[in-house]
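Hi there,

Here is the structure I promised to pass on to you. Please have a look at it first, and then read my notes below.

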Amino acid sequence: MMTLERAQQELDARRQKINPCYKPGYHLSVPAGWHNDPNGFGFFGGRFHLFYQFHPYDSVWGPMHWGHWTSADLVHWQDEPVAMAPDQVFDDYGCFSGTSIEKDGRFYLMYTGVQPTGEPNQYYQHQCMAESADGVHFEKWADNPVIDRSMLPEGASVYEFRDPKVEKTAEGYRVILASQGPNGGQLLCYTSKDLREWMFAGVYADHLADMSECPDVFELGGKNVLIVCEIGADAKLYGAPQVTLYTTGHEENGAFCAEKPLKLVDQGLDFYAPQTILTLDGRRVLIGWALSWSHIMPTHTLGHGWAGMMTLPRECTLDENGVLCQKPIRELQSLRRDEVHVENLSVQTKTALPQLDGKQREFEISIDMKDARSVSLNLLETDDERFVIAYDRAAEILRVDRSLCGYPLTEDLSPEKKPWCEAKMPLKDGRLKLHMFVDGSIVEIYADEGRVAMSSLAFPKGEAYGVSIEADSEVCVCADSWMIGM
Ligand code: FRU
């Protein structure tokens, strides 16, 4: 039997034994075991809350629990007791993803309970509630599920029905849910006056590849934004078949009307299932899971005892063309230490910048390309490995490649099929400007005023974490960089 007590004991025992070699220092990551999606991102009792899909018994996915962190500033986080274990008939196979909401001074979690059907490897998915007075200890409702398979519209799968995004409306509450219907992935909307009695309100979005997951909807800059994960997406278009996409539009008769084709939220190799909140000062802040279902985690195969981390919290805005822009929240600047400047350094042949080395670093680099057609920045570098960020001026492509960096993310350590990703971006005034974060085994890159965000994992075998730059003809480099300390 999976209980909260057992999960907590297991976590406390395992956290002493992990190998921290690839552990990030300032990105949120599971103390031990496995974690995937951010869940229940919210604000209650004067603190931010972030929960996460979590398996305490191994560093691979397993019966899902909810782990829990809280924070006053979205930067310094505190571990809280495990919030939920799959310990009821209605969630016996797992407490899958969901969101949180405050109502009348109490904190509610709405999540997907996964219950065996009685047939081998077959599970019903339905929506359940848990509530808390103190924001730390949660009690599941005895009359769960609150939205079950009898409330699905015709043609919707009873096995693929998950990830409730609950929110307050003028009339009460509504929830947007991922489902699989006659046209593939779809989002369904349910409404309620009290969070307890729910009614099917309609299909919110349709034709979303084979299956959709983890929807988020919010208002930003006068538009409605929809974020949704797709399984079976057009890999040619998006670089991978399982991706996180967004579009802008408006709502009409309870449905989302997109004004543009779906686009990637983050063009990196490792990003999925983000959630957002509105901060008290009105910023829309997003946190994603910095991993992907498409590869294994070396921290598991190497026996390090943990796997999974979150992206940095990012402030979202829309530019004048409705393109999503993401910038690391300004609170992160409080972690900067030991500032280093590189002033107008002329570079052509490969030049190491030892003053920028480090396992936990932030960089703001501006490269005057002059007449150069290409420039490469090598991070996590030792004599024989490097994480390459290359810009091709003619194609206006920024390319990230981890193929030369440490452990391939494959079961048998054979080369990864697609260890690279790309983003289209122009130079600004002839300069390539990159804002980058290195933290143990993650590199996050922000560029083009936040229109480009790329999160990718890499597991260098060496400990050097060096930096170098090379170009096909002379370029001029300026950089500000900081060690990042908690
Ligand atoms: C997305 C997801 C969700 C599900 C959860 C299970 O990564 O597959 O759809 O609720 O993970 O852990």
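**Aromatic rings**

The structure holds 24 aromatic pairs, where rings of Phe, Tyr and Trp (its six-membered ring) count as a pair if their centres lie within 6.5 Å; planes under 30 degrees apart are called stacked, those over 60 edge-to-face and the rest tilted. Trp61 and Phe96 form an edge-to-face pair, because their ring centres are 5.8 Å apart and their planes stand at 80 degrees. Trp61 is in the loop between strand 2 (47–55) and strand 3 (65–71), while Phe96 is in strand 5 (residues 94–103), so this pair ties together parts that are 35 residues apart in sequence. Strands here are DSSP runs (E, at least two residues), numbered from the N terminus.

Before going further, a word on the source: this is a predicted model, in which local features need pLDDT of at least 70 and side-chain atom pairs count only at pLDDT 80 or more, while totals for chains, interfaces and linings use all residues. Residues are numbered from 1 along each chain as its sequence is written, and side-chain values use heavy atoms, with hydrogens and water left out.

Back to that pair: are its two residues buried or exposed? Trp61 is partly exposed, at a relative accessible area of 31%, whereas Phe96 counts as buried at 12%. (Buried means under 20% relative accessible area, exposed over 50%, and partly exposed in between, with a 1.4 Å probe and protein chains only.)

Ring pairs also link Phe44, Phe51, Trp66, Phe107, Tyr111 and Phe138 into a cluster. Two arginines sit over rings as well: Arg149 lies over the face of Tyr124, 3.6 Å from the ring centre, and the charged end of Arg399 is over the ring of Trp420, 4.3 Å from its centre. The test for this is that NZ of Lys or CZ of Arg is within 6 Å of the ring centre and within 35 degrees of the ring normal.

Four strands make an open sheet in the order 18-19-21-22, with antiparallel pairing. Its edge strands are strand 18 (272–278) and strand 22 (324–328), each pairing on one side only. Two strands pair if DSSP finds at least two bridges between them. Strand 21 (residues 314–318) is joined to strand 22 by five bridges, and the two run antiparallel. Within this pairing, Thr317 stands opposite Cys325 in strand 22.

His65 is in strand 3 and counts as buried, at 0% relative accessibility. Its side chain reaches the backbone oxygen of Pro63 at 3.0 Å. Leaving aside neighbours within four places in sequence, His65 is in contact (heavy atoms within 4.5 Å) with residues including Met2, Tyr52, Val82 and Cys95.

Val225 lies in strand 14 (residues 223–231) and is likewise buried, at 0% relative accessibility. Val225 and Thr247 are 22 residues apart in sequence but 5.9 Å apart in space, C-alpha to C-alpha. Not counting residues up to four places away in sequence, Val225 touches Thr247 and also, among others, Phe218, Phe256 and Leu318.

What joins the side chains of Ser468 and Glu381? A polar contact of 2.8 Å does; the term covers a pair of N or O atoms within 3.5 Å, where within protein one must be able to donate a hydrogen and the other to accept it, and residues adjacent in sequence count only if both atoms are side-chain atoms. Ser468 is in strand 33 (residues 466–471) and is buried, with a relative accessible area of 1%.

Best wishes
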